[in-house]
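Subject: Structure for your review

Dear colleague,

Please find the structure below, together with its sequence. I would be grateful if you could read the notes that follow with the structure open beside them.

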Amino acid sequence: MSHATVRFRILHFLYHRGSAVQHWFSMRIRPAGIGALLIVSLGSFMSIGQPRNSIFQIFCLSLGMVSLALFWVIFRRARLSATFQLPRQATVGKEISYSVSLKNIGKYKVRAALIAQTPADPRPTLREFSQTPEPGEEKRNIFDRMMAFYRWQWLLSGKKTFQIDSSASPVDLDPDETTRLTLRLTPLRRGVIPMEKIRAQLPDPLGFFQKNKLITAPTSSLVVLPKRYRLPPIVMPGSAAFRIGGEETSNAIGSSGEFVGLRDYRPGDPLRLIHWKSWAHTGRPVVKELEDTFYPRYALVIDTFPGSADEQVFEEIVSIAASFIVALDQTESLLDLMFISGKTYTVTAGRNMERTDKLLEALAAVQIDPAEDFATLSKSVRSHKESVTSCLLILNGWDTSREDFVKSLLKAGIPCVPLVIGNGPAPEGTIGHWLDAREIARDLLRLPTHLSAAN
């Protein structure tokens, strides 16, 4: 085991335990309580040997108040249950409001309780801590780099699922009484967020300390869609290649698409095209004549395989995909979202099919697949060769396996636009557009309006 590995194991253990202790105290000691404890500490030190000094009197007063507050908070009680009414979706960075039905199921009245949602544990794993450097860490002094405290803080803030907001006013509930209140939170990460942990904060009358009681609540979850960026007007390469309105593989002209007119029935015409009102009016079978209409069909392929050690790069990949899903005009096109996450997924939305929300919900749950398999992904994309107009590839870095993947699609004759995401400058030989993960908003706005296919 290397010295660096031992160092990170020790640091991770200390920071992991230290964060737990800090969280425990922050949930129970309020800012006024911190001030009161400081006064008690300073007063006890400064009044040594001076029992009649005014500082000693301040010490005694503050100690009495702290003791009273602690005694009060120890004996506070609450047994509550809650049910949630959550919105169908949320988006990273946008505050949402939701309703909570709260009931006192205990024997005692609950007074001045503050209700707050509790996020999941944001502490990073040992692997994340040891392998994911903080942006700009190389510029820090040698002590900061050795201790990696700022790295820990950066990872801790990046893994928080949402920013909480306590109930606006204290809640008073008699036994068996039910009330409804509105809570607010701001999602910080995409995904399906469990919402079962909600707590009642029971402060003392002086506001020094508070007891935290977990509220009984059924398991609920909130779907958080990825953050989205503003894009310039985008025109994908290729011409319309998909006929909408009928069966994709049909070769019969005039059997689907835009209405042209009516004509007499001919043997072999499908029954679904019969115009029953005209038949009843004329006394002879009449069918609708349709003209096939062609629309573009795009493929959006996400690289879910391990690339950059920085988890934020993959999050940016998902956000970029979400931005293109919203930006592409799907009223006149179809969009196939393709990725591998345990198995191959193809989700289609657009004209006369599923709504865009279905694609965004799929992105909300996508995770990195540790088993790199570009061969299977390439095969899946190439199976749609005849129907796809062009293909937008969002890649997690650049290496020989990704280069071979892009070349396999180009060799199959599929027009491809690779967007390669990574940290710093583009590696030599990169095919397509390089986007710096730390300047995504800037680099996306620099993309040309007409995206040309790679050669």
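This is a predicted model: local features need pLDDT of at least 70, side-chain atom pairs count only at pLDDT 80 or more; totals for chains, interfaces and linings use all residues.

Overall picture

The protein has 455 residues, and 44% of them are buried. Its secondary structure consists of twelve helices and 21 strands. Contacts between residues at least 6 apart in sequence were also examined, and 73% of these join residues at least 24 apart. The accessible surface of the protein is about 24400 Å², with carbon and sulfur atoms accounting for 56% of that area.

Helices α8 and α9

Helix α8 covers residues 311-327 and helix α9 covers residues 356-365; their axes lie 10 Å apart, at an angle of about 180°. Angles over 145 degrees count as roughly antiparallel, and α8 and α9 are therefore roughly antiparallel to each other. On the α8 side, the residues that meet α9 are V318, A321, A322, I325 and V326. Their counterparts in α9 are T356, L359, L360 and L363.

Helix α8 also contains S323. With a relative accessible area of 2%, S323 is buried. Leaving aside residues up to four places away in sequence, S323 touches R228, Y229 and L231.

A nonpolar surface patch

Six residues deserve a separate look: I142, F143, M146, M147, F149 and Y150 form a nonpolar patch on the surface, and together they have about 610 Å² of accessible area. Two elements, α5 (142-147) and α6 (149-158), each give two or more residues to this patch. The largest share, four residues, comes from α5. I142 is found in helix α5, and because its relative accessible area is 59%, I142 counts as exposed.

Salt bridges

The count for the protein comes to 14 salt bridges.

D174 and K109 meet through their side chains, with an N to O distance of 3.7 Å. This pair links distant parts of the chain, 65 residues apart: D174 is in the loop between β6 (171-173) and β7 (178-187), and K109 is in the loop between β3 (96-104) and β4 (110-117). D174 is partly exposed, at 35% relative accessibility, and K109 is likewise partly exposed, at 37%.

K159 forms a salt bridge with E128, and their closest N and O atoms are 3.4 Å apart. The two residues are 31 apart and link distant parts of the chain, with K159 in the loop between α6 and β5 (162-165) and E128 in helix α4 (residues 126-131). E128 has 16% relative accessibility and so counts as buried.

D336 and R297 form a salt bridge in which the closest N and O atoms are 2.7 Å apart. Here the link runs between two strands, with D336 in β17 (residues 334-340) and R297 in β16 (residues 297-302), 39 residues apart. Are these two residues buried or exposed? D336 is buried, at 0% relative accessibility, and R297 is buried as well, at 8%.

Finally, R88, D357 and E361 are linked in a network of salt bridges.

Yours sincerely

Key: Residues are numbered from 1 along each chain as its sequence is written. Side-chain values use heavy atoms; hydrogens and water are left out. Patches are made of residues with over 30% relative accessible area and no salt bridge: like charges are joined within 9 Å, nonpolar side chains (Val, Leu, Ile, Met, Phe, Trp, Tyr) within 5 Å. Accessible areas come from the Shrake-Rupley method with a 1.4 Å probe; for residues, only the protein chains shown count as cover. A salt bridge is a side-chain nitrogen of Lys or Arg within 4 Å of a carboxyl oxygen of Asp or Glu. Buried means under 20% relative accessible area, exposed over 50%, partly exposed in between (1.4 Å probe, protein chains only). Axes are lines fitted to C-alpha atoms, for helices over the stretch in contact, and angles run from 0 to 180 degrees between N-to-C directions. Angles under 35 degrees count as roughly parallel, over 145 as roughly antiparallel, 65 to 115 as roughly perpendicular and the rest as oblique. Contact means heavy atoms within 4.5 Å.
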